[in-house]
Amino acid sequence: MNTSNQNLSLFDFNDLNEDLVCGVDEAGRGPLAGPVFAAAVILDPAKPIAGLRDSKKLSEARRDALAIEIKANALAWSIAQCSEAEIDELNILQATMLAMRRAVEGLSIVPRLALIDGNRCPVMAIRSEAIVKGDDKVPAISAASILAKTARDAVLMMLHAQYPNYAFDQHKGYPTALHLERLQLHGITPAHRQSYAPVKAILANKGNTS
């Protein structure tokens, strides 16, 4: 059964029996290229991790350090993704929900509750709660946010090595002026999401020139 309850208090979040609760978040809904990632984390109450917060509010170095600590100290963690082809086939919302479900199903411990960042829950066998801005309210969701973000950034660095003309190391696939300029110059790559408007426009005007 899935439920959505955005009115749980911060006390409720912290009072949950965390060894049975996982936090879930995604990274990469907005970019024009690369997979969308999701992570699920069950924190260990006996091994608190200081400094957990929304990954977007942390420096890259701090995210990387926290990701190592989360993987070392969490009771369970899982990272999953949906490919560019799946995004194009399903649409980004459904692909994100699928990546989240895959992350939860990949946990080595089955949680009794999944706390999902945002206002929607994927369809899963376990109960879930959607928490708006949960990545800055619930430590387990913050941890999931960090794992999803660092995993996605690592893949974008691999794409940069494969396609250096596109500067993936700088824009991480987001539709910045630099990225759009490189798309106009070089066309699309197999890593680009063809259902996204700027990529569709390139395809319509130039075809795939990579």
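Partly exposed residues are those whose relative accessible area lies between the buried limit of under 20% and the exposed limit of over 50%; E86, at 21% relative accessibility, therefore counts as partly exposed. The structure is a predicted model, and a search across the whole of it finds 9 salt bridges.

- D136 and K57 form a salt bridge in which the closest N and O atoms are 2.5 Å apart.
- This pair links distant parts of the chain, since D136 sits in the loop between β5 (127-131) and α5 (139-162) while K57 sits in the loop between β2 (36-42) and α2 (60-73), 79 residues apart.
- Both partners are partly exposed, D136 with a relative accessible area of 35% and K57 with one of 49%.
- E86 and R102 meet through their side chains in a salt bridge with an N to O distance of 2.8 Å.
- Here too distant parts of the chain are linked, with E86 in helix α3 (residues 84-90) and R102 in helix α4 (residues 92-105), 16 residues apart.
- R102, like E86, is partly exposed, and its relative accessible area is 31%.

- E105 forms a salt bridge with R101, and the closest N and O atoms of the two are 3.5 Å apart.
- E105 is exposed, with a relative accessible area of 54%, whereas R101 is partly exposed at 32%.
- Both residues lie in helix α4, separated by 4 residues, or about one turn of the helix.

Conventions
Residues are numbered from 1 along each chain as its sequence is written. This is a predicted model: local features need pLDDT of at least 70, side-chain atom pairs count only at pLDDT 80 or more; totals for chains, interfaces and linings use all residues. Side-chain values use heavy atoms; hydrogens and water are left out. A salt bridge is a side-chain nitrogen of Lys or Arg within 4 Å of a carboxyl oxygen of Asp or Glu. Helices (H or I, at least four residues) and strands (E, at least two) are DSSP runs, numbered from the N terminus. Buried means under 20% relative accessible area, exposed over 50%, partly exposed in between (1.4 Å probe, protein chains only).
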